[in-house]
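Subject: Handover of the structure

Dear colleague,

I am passing the structure on to you with this email. Please look at it first, and then read the notes below beside it.

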Amino acid sequence: MTEKREFSMLVCETKLSNLKLSCQKISSLQSAIITVVFWLMIFSLSACSADRIAIKSSISILKNTALALNEEEDPGIAEKAIASQLKMLEGMIKSDPGNRELLLLASRGFCSYSFSFVENNDRERAKIFYRRGFDYGLQILMADKSFADVLKKGGEAFRRALRNIDNQNLPSLFWTSYCWGSLINLNRNLPEALMALPKVEEMMMRVLELNEGYYLSGAHLFFGVLYGSMPPMLGGKPEKSQFHFTKALEMTQRKFLMAHVLYAKSYAIQTQNKTLFENLLKEVSDTPSDILPSQRLANELAKKRAQKLLKDIDEYF
């Protein structure tokens with residue numbers, strides 16, 4: 001009997017010892033897992049931080065690259081370089097989605113690329129790029145929840161939200177409006193596109209209020225084209241168009257040659273003013289592209305467009 005009892009106690013002690021050993025192994029395994037997860041988190045955070053540090057140091061390079069491209073005299077080189085830069089920008093945005101500077105560069109880049117190199121040749125592709133530029137710009141504006149809440153509603157609440165936008169958000173307001181307006185212009189056959197136009201006008205009016213000279217009087221050029229490219233029965237306003245174009249030419253000292261081209265292509269054709277059409281485009285042809293070095297590329301493109309418009313003059317008059 002004693003032997004059986006001793007045997008039972010031995011078995012219990014053995015099981016208890018095995019149980020403790022198992023618990024120790026589980027505990028050790030849990031500790032190992034926690035340690036691995038901890039270091040993975042540290043590595044992940046470090047990788048994210050490293051990405052963002054790299055992006056932050058690259059933004060000034062991207063801005064300087066944009067300046068250099070604006071000064072480029074060869075449109076062919078510029079077109080290829082801008083396309084590459086835009087994809088690099090999108091990759092950087094994936095690493096730092098909320099970076100306002102990257103979003104603004106992308107918004108401006110896609111709109112400028114579409115206007116400069118795509119719209120005249122492929123309207124469907126142009127819509128894609130204008131939409132992309134609009135989306136990037138809108139992300140900046142929508143970071144303000146009060147603006148996001150009233151964007152769809154419109155009306156007085158929307159106008160109040162616009163009045164709260166200051167000079168800090170002026171660039172994003174301009175490029176978002178510019179992309180959106182350009183997209184609407186290419187979709188004039190769609191009622192929903194035209195229904196959004198009043199909001200774009202109000203946004204651009206806020207740009208004028210904040211700084212009418214921003215980006216080569218871009219808001220004046222926007223309204224010049226908007227009011228000058230449609231007949232009065234469809235909302236065109238020739239007098240207002242002429243006012244805005246005259247203002248833009250004055251504020252840029254007639255050095256930004258694309259303003260002349262837009263003036264001729266919209267207002268002059270719509271009002272059938274052949275003399276103004278010819279004078280504007282001949283001025284572009286006779287003016288050296290480097291009269292405004294910071295916009296050499298735009299002036300080179302303006303010269304090419306002026307040459308084609310003059311060649312096709314009989315189609316317009």
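The buried residues of helix α11 are Leu257, Met258, Ala259, His260, Val261, Leu262, Tyr263, Ala264, Ser266, Tyr267, Ala268 and Ile269, where buried means under 20% relative accessible area, exposed over 50% and partly exposed in between, with a 1.4 Å probe and protein chains only. This is a predicted model, in which local features need pLDDT of at least 70 and side-chain atom pairs count only at pLDDT 80 or more, while totals for chains, interfaces and linings use all residues. Residues are numbered from 1 along each chain as its sequence is written, and side-chain values use heavy atoms, with hydrogens and water left out.

Twelve of the 14 residues of α11 are buried, so this helix is largely enclosed by the rest of the structure; helices here are DSSP runs (H or I, at least four residues), numbered from the N terminus. Among the elements that cover its buried residues are α3 (100–118), α10 (238–251) and α12 (274–286). Helix α11 spans residues 257–270 and reaches 20 Å from its first C-alpha to its last, close to the 20 Å expected at 1.5 Å a residue, the expected span being 1.5 Å times one less than the number of residues. There is also a kink of about 30° in α11, centred on Ala264, the bend at a residue being the angle between axes fitted to the seven residues ending there and the seven starting there. Just after α11, Gln272 takes a positive phi of about 55°.

Turning to the rings, a search of the whole structure finds 19 aromatic pairs, meaning rings of Phe, Tyr and Trp (its six-membered ring) whose centres lie within 6.5 Å, with planes under 30 degrees apart counted as stacked, over 60 as edge-to-face and the rest as tilted. One of them is the stacked pair of Phe245 and Tyr263, at 4.7 Å centre to centre and 15° between the planes. Phe245 lies in helix α10 and Tyr263 in helix α11, so the pair ties together parts that are 18 residues apart in sequence, and both residues are buried. Phe277 and Phe317 form an edge-to-face pair, 5.0 Å centre to centre with 65° between the planes. Phe277 is buried, with a relative accessible area of 0%, whereas Phe317, at 26% relative accessibility, counts as partly exposed.

With best wishes

How values were computed. Helix = DSSP H or I, 4+ residues; strand = E, 2+ residues; numbered from the N terminus. Contact = heavy atoms within 4.5 Å.
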